[in-house]
Amino acid sequence: MKRLFTLLVSALMVLGLWIPASAEGSAETNGELPVNSAAVMGSADGGEASEPDTEAPVYSVSVDPEKVSLPFVKEGYKPQEPKYITIKNTGNQTIILEDRGENPWLVITLDKNTLKPNEEAAVSIKLKDDLSAVTQSTLKGFITYTSEGGTVRDYAHFEVTYAVNHDMKYVEAKEPTHLEDGNIACWYCEYCDKYYKGSTGTNELSLEEITIPKLKEHTPDDSGWHSDETNHWNTCECGETLNEAAHTFEWVIDKEATAAEKGSKHEECTVCGYEKAAVEIPATGTAEEPSEPTEPSKPEETPSEPAKPSTPEEPTEPAKPSKPEE
């Protein structure tokens, strides 16, 4: 019986379900079961053994926010301030966050690596300094986390959107001359010293592609026409005289003459604009003075005054009757 007990205790110790007490007063020295052995082997009244009260390990994290947009910048930008995300241990076990290490575009830094349950770590994200221009990009990044023993391995995922643009300047087209090359219209980034077809910098052009070779023939410079009294001509940048020819004049009226006032005109070259001295245009003549207007004729007869009404005659007294004869 004692041998059976010893074998049972040894088996429990191997499984890690029972740890003997100290040498003084230990259950093993007294030949008795440990106090918690009833929970392992069965109740005191011989009931069935119960399962040990342990919680299953959970390894999980949350990321807030899951998407980060960094400021869009131009080449030669100043060092950028970081944006932050938070990683929280939402499991019931301690986890270890691994540093990201080198990244071609971003600097990602953790403020702590070990997270107990419900603890948080701040992750700073910013652009590396002095990046060359790239098209807008969204990186799907992650931070690796493991259990303390390294047996569990998982990832905290997030997205970072960023863009580094060319600092473009428009280059106008230029015609070639006898001494200088010309060029097509294009865009130029001074920071990366490259030419592009469009302002977005997606179609790079070589120097040979934008250059128009200088002309073998002489070409007029920007000084315009030169002239004397009889001829006009252009000059090349190298000093050669070009396009020399005699003036072709036509009259230009400066001021029209009137009957009482002289005018003026000059001859001007229709090609180079050379002008001869102005000459006088005589007045066309003296204008007649207008005659004074005559007064309108008076009517021949003065209208007569209307006749005055005649004075009515005074009434006469009626005749008195004659006396009768006696």
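**Figure 1. Tyr59 and the residues around it.** Tyr59 is found in the loop between helix H3 (37-41) and strand E1 (61-64); helices (H or I, at least four residues) and strands (E, at least two) are DSSP runs, numbered from the N terminus. The model is predicted, so local features need pLDDT of at least 70 and side-chain atom pairs count only at pLDDT 80 or more, while totals for chains, interfaces and linings use all residues. Residues are numbered from 1 along each chain as its sequence is written, and side-chain values use heavy atoms, with hydrogens and water left out. With a relative accessible area of 26%, Tyr59 is partly exposed; buried means under 20% relative accessible area, exposed over 50%, and partly exposed in between (1.4 Å probe, protein chains only). Not counting residues up to four places away in sequence, Tyr59 touches Gln93, Thr94, Ile95, Tyr145, Ser147 and Val152, where contact means heavy atoms within 4.5 Å. Between the C-alpha atoms of Tyr59 and Pro117 the separation is 9.2 Å, and the two residues are 58 residues apart along the chain.

**Figure 2. The whole chain, for orientation.** Four helices and 22 strands make up the list of elements in the chain. The chain has 326 residues, of which 23% count as buried. Among contacts in the chain with a separation of 6 or more, 48% are between residues 24 or more positions apart.

Figure 3. The bond from Asp64 to Pro65 is cis, and its omega is near -10 degrees. Pro65 belongs to the loop between E1 and strand E2 (67-69).

**Figure 4. Glu75, a buried residue with no salt bridge.** Glu75 is located in the loop between strand E3 (73-74) and strand E4 (83-89). Glu75 is buried, and the nearest side chain of opposite charge, Lys194, is 7.6 Å away. A salt bridge would require a side-chain nitrogen of Lys or Arg within 4 Å of a carboxyl oxygen of Asp or Glu. The side chains of Glu75 and His166 are joined by a polar contact of 3.3 Å. Such a contact is a pair of N or O atoms within 3.5 Å; within protein, one must be able to donate a hydrogen and the other to accept it, and residues adjacent in sequence count only if both atoms are side-chain atoms. Leaving aside neighbours within four places in sequence, the residues in contact with Glu75 include Leu131, Val164, His166, Asp167 and Cys189.

**Figure 5. Salt bridges.** Seven salt bridges are found in a search of the whole structure. One of them joins the side chains of Asp167 and Lys74 (4.0 Å, N to O). This pair links distant parts of the chain, 93 residues apart: Asp167 is in the loop between strand E10 (153-165) and strand E11 (168-171), and Lys74 is in strand E3. Asp167 is partly exposed, at 28% relative accessibility. Lys174 and Glu180 form a salt bridge whose closest N and O atoms are 2.9 Å apart. Lys174 is partly exposed at 37% relative accessibility, and Glu180 is partly exposed with a relative accessible area of 38%. In the salt bridge of Lys255 with Glu261, the closest N and O atoms are 2.6 Å apart. Lys255 has a relative accessible area of 38% and is partly exposed; Glu261, with 41%, is partly exposed too.

**Figure 6. Aromatic rings.** A search of the whole structure gives four aromatic pairs. Rings of Phe, Tyr and Trp (its six-membered ring) pair if their centres lie within 6.5 Å; planes under 30 degrees apart count as stacked, over 60 as edge-to-face and the rest as tilted. Tyr195 is partly exposed, at 22% relative accessibility.

**Figure 7. Lysines over rings.** The charged end of Lys265 is over the ring of Trp251, at 4.4 Å from its centre. Lys276 is over the face of Phe249, 4.5 Å from the ring centre. A charge sits over a ring if NZ of Lys or CZ of Arg is within 6 Å of the ring centre and within 35 degrees of the ring normal.

Methods. Lys, Arg positive; Asp, Glu negative; His and termini not counted.
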